[in-house]
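Here are a few friendly notes to read alongside the model.

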There are 2 protein chains.
Amino acid sequence: MELTERKKRILRAIIESYIATAEPVGSKAVAQLAGLDVSSATIRNEMADLTDMGLLEQPHTSAGRIPSASGYRLYVNELMDEHQLTMQETQRINEALEMRMEELDRVIDRAGKVLSKISDYPVFSMTSVKDIVTVRRYDLLMVEENAFIAVVMTDTSVVRNKIIRIPDELSEPQLQMLSTILNSSFTGLSMDQMRQALEKMETHSTPGAFRMIQLVVEFALEVLGDLRRQTIHTAGITHLLEHPEYKSLDKAKPLMRCLSNEDDAARLPIPFDGNQNMNILIGPENVNEAFRDTSVVMASYDIGDNMRGVIGVVGPTRMDYAKVTARLSYFADSLTRMFGKGELPPASGPDDLE
Amino acid sequence: MELTERKKRILRAIIESYIATAEPVGSKAVAQLAGLDVSSATIRNEMADLTDMGLLEQPHTSAGRIPSASGYRLYVNELMDEHQLTMQETQRINEALEMRMEELDRVIDRAGKVLSKISDYPVFSMTSVKDIVTVRRYDLLMVEENAFIAVVMTDTSVVRNKIIRIPDELSEPQLQMLSTILNSSFTGLSMDQMRQALEKMETHSTPGAFRMIQLVVEFALEVLGDLRRQTIHTAGITHLLEHPEYKSLDKAKPLMRCLSNEDDAARLPIPFDGNQNMNILIGPENVNEAFRDTSVVMASYDIGDNMRGVIGVVGPTRMDYAKVTARLSYFADSLTRMFGKGELPPASGPDDLE
DNA sequence: GATTGGCACTCCGTGTCTTCGAGTGCTAAA
DNA sequence: TTTAGCACTCGAAGACACGGAGTGCCAATC
């Protein structure tokens, strides 16, 4: 059966009405909404066709129609109008994004909160590393005789520190030497290589010095592992409860559990197609069971040269795709611009040690 | 009216049954549960008395009784048995707490998650500073000609860092000098004092040097502000949904909103009585409107010398106080021990600069 | 052939009524 | 003081009718 122009208009009218009201749409309502000058009976025939084509569903024999997942898919791919952000909206986003650059984790977290607030949906955000991250340099700062701060900087310019306590006393020159060893033997390596280098070192160095190197390298491994682990932040999960599709707790709970990241097992298995910078997953297109009646709209943005972030909006399949995609893409662009502005330095540059 | 021993036993039986089942308890059930060798009619008389005394309530004329807030209060204060943790439970807590010491924020966050998991209730955790925090020392690490890392360490031994980019090039000796200035003029000061010192410095120093000092001091102010801000973490809020009292979304939503910290306005206004290290707030004892039907059990623990953490469990008034208090106090003790163990160095000690 | 009005049918949601059962309060007897 | 008995209350659950919204189909019309 052919999808005529009129069918498309009807489908679109149904979807947009359903997005707005969450109520099944009847033929009479469509007759008015679609702006077609035909009677409800005609619409009924067309709607029956659309149902046959799998684009609509009827919850019960005598209810109106609701869009199916493939109906939404068609809508998103072909029918949807570009939603234009109002000045107010862009202004609000800009203001909200005027955050000071702090540690990357916090920025990501804040960004999620902001987006959740302006989109009224839950938001998850995560970062991932394009290539392997390595340590670019180590700095050791003396605190007391038996404690120093280890500062580790990765080639992605993430800096982390930790206070390391040691049993024995330590002099400033010893610390210098340690630093030299670390910077010459434990930079630019993958995690495995670092572990190997550590093993090798154990055999031909004094136990005391080795112990301290081990402590620092273990911290560095933690940092690298942490960066690889793709920490996921979520914000605004209670927005879920504002939508009628989640008024039944049975629906809401597994999703909220998953979003709030409480089962370590059930992570968000989000496949992101790297070829485009905006992805939409509608209902059953999600692999994760908890997301069967849920849609995810996500966008990626660059953080420096070697990292990328993904930020996504989660909502019922009935979510307002036009608005969400518009806001999300503006948001992701802003983030890319923000991170590109050089607040976070580029990953290149010589190893410039003290 | 006097609260006889038998009345207490009856009250206790009712509360413990209600805690277990969330169903109003009838006289017949109590006759069995309380282990008193009297008939249900006698129990009825006693229950009528307890209701008059405000310790029980009846939802409807012909339902059983449920405990009132003051009933719970009496139970918590006098009637409750010390719940003994099983070996399994302590072991589970110990294992879960075997976390590596990272940044304080992360540790607090993890601790909340762990406690939430073992208690099956939502948990919030926050830190607060006993006195004013000051910067103990600054370290500046060269990265490139026009970027350096500022490492700020507070007298509470929190270490934070930030990459600072500057327009002009900078030499190693210049950086050294900067560091000396910072460490001599901007340590041990309150935030206001730091701002004043910065103003004073502006008048009698070259603009270029001042600009850089300003950037570092501003970062330090951020850090101090951050520490004062009492970041609150929450974990396991979806556990709320497991309890029948929150099956109605109207009940659950405001509470979840508050817990997930989404309204910046409505923080958790938790009054903690510092004189004892375990606090229980039952239902209407909570000032916050969203917590009227909710109880909070919280404990405090020490972090180093100048900080304390508060970690609390949130649940329905019907929550299992005996179990929760037992687990929570063990947990808080473990945390105190953990932080005391010197993984995080004490706040004292001379300013030991490089 | 497409469109339309008409009509019977389906199904849901609502309101009402009844029944059932659990639990109470009271009274009188032990 | 305790207990058995009994009437009473009230909510929960089931049965039933009703109205409304929407559909599908058919015959008439353009």
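1. In strand 5 of chain A, A:Ala147 is the bridge partner of A:Glu144. Strand 5 (residues 147–154) and strand 4 of chain A run antiparallel and are joined by eight bridges. Strands here are DSSP runs of E, at least two residues long, and helices are runs of H or I of at least four, both numbered from the N terminus.

2. A word on conventions: this is a predicted model, where local features need pLDDT of at least 70 and side-chain atom pairs pLDDT 80 or more, while totals for chains, interfaces and linings use all residues. Residues count from 1 along each chain as written, chains are lettered from A and ligands numbered from 1 in the order written, and side-chain values use heavy atoms, without hydrogens and water.

3. The open sheet of chain A has three strands in the order 4-5-6 with antiparallel pairing (pairing takes at least two DSSP bridges). Strand 4 (135–144) and strand 6 (159–165) are its edges, each pairing on one side only.

4. Sugar and phosphate make up 70% of the DNA strand C atoms within 4 Å of the protein.

5. Two polar contacts (N or O pairs within 3.5 Å) are worth a look. The side chain of A:Arg44 has an N or O atom 3.1 Å from a base oxygen of DNA strand C; for B:Arg65, a side-chain N or O atom is 3.2 Å from a phosphate oxygen.

Technical notes:
Near = heavy atom within 4 Å. Polar contact = N/O pair within 3.5 Å; in protein donor to acceptor, adjacent residues only side chain to side chain.
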